[in-house]
Amino acid sequence: MPQYKYPVKGGAKWMTKFNYTDPKSGIVKTAYKRGFDSKREAKKYEDDFIDSLIAPEEDEVEVIRTYGDVFQEYLMSHKRADIKESSLETKFNIFNKHIFPTFEEVPIDSITDDDIANWQKKMKLCIQPNGKHFSEAYLRTIQSQFNSIINYAFSKGYLKANPLADIKNMGIKDKRVEFWTPEEYERFAYHAMEYPQYYYVYEMLYWCGIREGELLALTPADFDFTTHTLRINKSYQRLNREDVITPPKTFKSNRFIKMPQFICDEMQDYMEMLYGLKEDERIFTISKSYLHHEMNRGSKVSGVKRIRVHDLRHSHVSLLINMGFTVLAIADRMGHESIDITYRYAHLFPSEQTQMAEQLDIERMEKSNGEESGQ
């Protein structure tokens, strides 16, 4: 049976998954084990496990499943091939750093609501290297990952009762959507021109609304300047110190979008600056960390509020909503899997709230005047 590599801080570890026939019941079961330094060690564990199977003379001993055991089963029960490597790395990092130190070796059916509450308290008090506590949104993410294993165990019948039933989730879901108006972006872009490579990146992100990974994977072959069309069919990730090109986030993310004329002109000019650029070479060979750093610098210099790089995508959606395009059309351009995702962005520019209030005043005044004249 296969062995699998998974990322950990500073490198990678191996896990093994294999089927075996229980010598007492004759039932085929699956075993999991993680934490091996090499594929050979993982394979040896499997071989030794199989060799050690003998028919027991006494009644079968009750299986004790630890939280870590159930995590491995849960991971394998979900098609690993469908999980992006970057998502898998994030998942492992959360479990390795914040969950396993407390629960990995604990029998899953012995975890109580008090255990969870004490762990939550520890997470809330945890101090990061920058001297700050975890954000409410990140605490929510940790809680969600922890809950997934407990809920899976309960659904499989490994727990008589769900210890989460009387537990309030820590953290809050961050529903805020930050964005720049065109005026704010133009102020930022003016100062970004000092560093042309980053300027063209921000132009693409703001005016086309593509994801950061999609942009960093672009090659000249993806541009058709005759039809003003941009092809999105891949994403860039930096994993284990290597550049990795993967399929885009979802099936709907494979798409073609139309670029405004000024973006076509700017990108043609920029690609002409890149000497010897081949059709299949990445146009923007910069790291995400520097991209974030330059955006923070530009925000400070220009005096506009600081937002994340991903918020440029939010800004594009907000702009399209403000221009009157339908949710369905916007969802298609953005590559959203569902229009429900697009509805999350359906907030209005600040000025529109004032205009609405003023229009309501006018409507009410006209109605009152009409009633008075009719008396």
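By class, how many nonpolar, polar and charged residues does the lining of the largest cavity have? And what does helix 7 pack against?

Modeller: Happy to! This model is predicted, so local features need pLDDT of at least 70 and side-chain atom pairs 80 or more, while totals for chains, interfaces and linings use all residues. Numbering starts from 1 along each chain, and side-chain values use heavy atoms, without hydrogens or water.

The lining of the largest cavity has 4 nonpolar, 1 polar and 3 charged residues. (Ala, Val, Leu, Ile, Met, Phe, Trp, Tyr, Cys and Pro count as nonpolar, Asp, Glu, Lys and Arg as charged, the others as polar.) These residues are Leu 205, Ile 210, Arg 211, Glu 212, Val 309, His 310, Leu 312 and Arg 313. (On a 1 Å grid, a cavity is where a 1.4 Å probe fits but cannot get out, and lining residues have an atom within 4 Å of a point.)

Now for helix 7, residues 196-208 (a helix is a DSSP run of H or I, at least four residues). Let's begin with helix 6, residues 182-192: the two pack at about 165 degrees, with axes 9 Å apart. (Axes are lines fitted to C-alpha atoms over the stretch in contact, and angles run from 0 to 180 degrees.) Helix 6 and helix 7 are therefore roughly antiparallel (over 145 degrees). Helix 6 brings Pro 182, Tyr 185, Glu 186, Phe 188, Ala 189 and Ala 192 to the contact, and helix 7 brings Pro 196, Tyr 199, Tyr 202, Glu 203, Tyr 206 and Trp 207 (contact means heavy atoms within 4.5 Å). Sorted by class, that contact has 10 nonpolar, no polar and 2 charged residues.

Next comes helix 9, residues 261-273, whose axis comes within 11 Å of that of helix 7, crossing at roughly 155 degrees. This pair is therefore roughly antiparallel as well.

Finally, helix 10, residues 288-302, packs on helix 7 at about 90 degrees, with axes 11 Å apart. Helix 7 and helix 10 are therefore roughly perpendicular (65 to 115 degrees). Here Tyr 198, Val 201 and Tyr 202 of helix 7 meet Tyr 290, Leu 291, Glu 294 and Met 295 of helix 10. That gives 6 nonpolar, no polar and 1 charged residue.

How values were computed: Angles under 35 degrees count as roughly parallel, over 145 as roughly antiparallel, 65 to 115 as roughly perpendicular and the rest as oblique. On a 1 Å grid over the protein atoms alone, a cavity is a set of points where a 1.4 Å probe fits but cannot get out, and a pocket is an open set with protein on both sides within 12 Å along at least five of seven lines; lining residues have an atom within 4 Å of a point.
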